[in-house]
Amino acid sequence: MSFIKLSPVAFSLLAAVLAAGCAVDPAPEAEDEESMSSEDELRASSVEPGTFKLYADARHEPSTHCDVFTSLELKRDRGARAELEERVEGFCRLAVFPDTRAYRLKFQGTSCGSKIFTGKKKISGVTRTIKVIDHRTRTCKDLQPAKIIVEETDRDGEVRTKYSYDGAPKPTSTWLSIAPRQCGTNPWNGAQAAPGQEPSYLQGEAGEVANYFAGQGVEIDQIGFAHPSEPRAVCMACQCPRGDTLVVKAKSLVDAQKLTGQFGFAPIEGGLGYAPRQCGSNPWEQGRQQGDDRAEAMQLASWAKGAGAPIDEVGFVQSTEPRFVCMACQCPRGDFAVVKASSAASRAKLESLGWSTLAN
């Protein structure tokens, strides 16, 4: 066997070349993801994009206080991809390890119209697999536990099955309400403006509501509180509703979706609105006390009952931004009256008196 003798300079150059070659990792996609042909990519591109919350139990009802879930996004990107991440939403002080991961998906076929996709990827040195069953296009009439079912191996190699949350459809109205709780336990109670944000010009609890949701990235156009038209008994425990209703008008349907999906608001059923006029010229007014919305609400409820249109709840909402108003008696004074009719007949009667369905 013969050897080639290298000079010190040549030896250093050769060592550098070899070191550089060893330092170059294979392309991440070639190492971490299974290869996919152009035909595979084309077939996988039949995936319908969408974002979902996944839970370990089918038909799980998310908590508005502390919602821990797996976020799944299905997207078209050189075929199909599934991007997943562990998340927490709500008011609890809980941290979760995000475990962010993404898979390229292969289309495996259909069953009764449902589409099946699979993927495999090495993540942090562990080969993990995923199976996505999409029932959104299912043609069979059998009942499935969820529109999206995901079977995925976790970091320990265990197969976990999770189901999409298919409830809480997107709201079609920006008018929403929620029942505040006793003891000042609502998330907005005492809220100040977030750093860098202007504090709300609204006073009292309405201002706290505006400050809180602005800090959460939710834009609200109007805020107010509605009260029962007749006295109601309420429990005094801190977990009980206190009896009134927070009424808001979200700036957009996107904001309305955040309020319903993350904070527990619900669309107002049977709601009607009316823009009060200046100079005490509204039919229910009997010497209105300036700034006393509660007293005027009771006057309005009494007037509606006398007009043959009893209502369950009544209140006034204010704009979250200052607005100029004219002072002539025929001009709107700037706030907005909101009521919930007691029956279809009451609703029809109020509409004949100039009230209108709450609109976006």
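Q: Where do Arg347 and Glu351 sit?
A: Both are in helix H7, which covers residues 344–352, and they are four residues apart, about one turn of the helix. This is a predicted model, by the way.

Q: And what do their side chains do with each other?
A: The side chains of Arg347 and Glu351 meet in a salt bridge, 3.7 Å from N to O.

Q: Is Arg347 buried or partly exposed? What about Glu351?
A: Arg347 is partly exposed, with 21% relative accessible area. Glu351 counts as partly exposed too, at 37%.

Q: Which residues are joined into a salt-bridge network?
A: Glu86, Asp99, Arg101, Arg128, Glu152 and Lys162 are in one network, joined by salt bridges that share partners.

Q: How many salt bridges turn up in the whole structure?
A: A search of the whole structure gives 24 salt bridges.

Q: What does Arg242 pair with?
A: Asp244: their side chains meet in a salt bridge at 2.8 Å, N to O. Arg242 is partly exposed, with a relative accessible area of 23%, while Asp244 is buried at 11%.

Q: Switching to aromatics. How many aromatic pairs are there?
A: The structure holds 13. Take Trp188 and Phe213: their ring centres are 6.4 Å apart and the planes are at 40 degrees, so that pair is tilted.

Q: Where do those two sit in the chain?
A: Trp188 is in the loop between strand S9 (175–178) and helix H4 (204–215), and Phe213 is in helix H4.

Q: How buried are they?
A: Trp188 is buried, with 2% relative accessible area, and Phe213 is buried at 1%. Phe213 also pairs with Tyr212: the centres are 5.0 Å apart and the planes are at 85 degrees, so this one is edge-to-face.

Q: Which residues make up the ring cluster?
A: Trp188, Tyr212, Phe213, Phe263 and Phe265, linked by ring pairs.

Q: What else does Tyr212 touch?
A: Leaving out residues up to four places away in sequence, Tyr212 touches Phe91, Pro187, Trp188, Ala191 and Phe263. Tyr212 is in helix H4 and is buried, with a relative accessible area of 12%. The C-alpha atoms of Tyr212 and Trp188 are separated by 5.3 Å, though the residues are 24 apart along the chain.

Q: What sits over the ring of Phe69?
A: The charged end of Lys53, 4.7 Å from the ring centre.

Q: OK, the nonpolar core. Which residues touch the most other members?
A: In the largest nonpolar core, which has 21 residues, those are Phe213, Ile223, Leu246, Val248, Leu259 and Phe265. The elements S9, H4, strand S10 (220–228), strand S11 (245–250) and helix H5 (253–263) each supply at least two residues of this core. H4 gives the largest share, five residues.

Q: What other core is there?
A: Another core lies apart from that one and has 18 residues, including Phe52, Leu74, Val132 and Val150.

Q: Last topic: how many disulfides?
A: The search finds five disulfides. One joins Cys112 to Cys140, with S to S at 1.8 Å. The torsion about that S-S bond of Cys112 and Cys140 is about -60 degrees, so the disulfide is left-handed.

Q: Which parts of the chain does that Cys112 and Cys140 pair link?
A: Cys112 is in the loop between S4 and strand S5 (114–123), and Cys140 is in the loop between S6 and strand S7 (148–153), 28 residues apart.

Q: What about Cys183?
A: A disulfide joins Cys183 to Cys238, S to S 2.1 Å. This link is left-handed, with -85 degrees about the S-S bond. Cys183 is in the loop between S9 and H4 and Cys238 in the loop between S10 and S11, so the pair ties together parts that are 55 residues apart in sequence.

How values were computed: Residues numbered from 1 in each chain as written. Predicted model: local features only at pLDDT ≥ 70, side-chain atom pairs only at ≥ 80, totals over all residues. Heavy atoms only, no water. Phe/Tyr/Trp six-rings, centres within 6.5 Å; stacked < 30°, edge-to-face > 60°. Buried < 20%, exposed > 50% of the residue type's maximum accessible area, 1.4 Å probe, protein only. Lys NZ or Arg CZ within 6 Å of the ring centre and 35° of its normal. Salt bridge = Lys/Arg side-chain N within 4 Å of Asp/Glu carboxyl O. Core = buried A, V, L, I, M, F, W, Y, C linked by side-chain atoms within 4.5 Å. Contact = heavy atoms within 4.5 Å. Disulfide = S-S within 2.5 Å.
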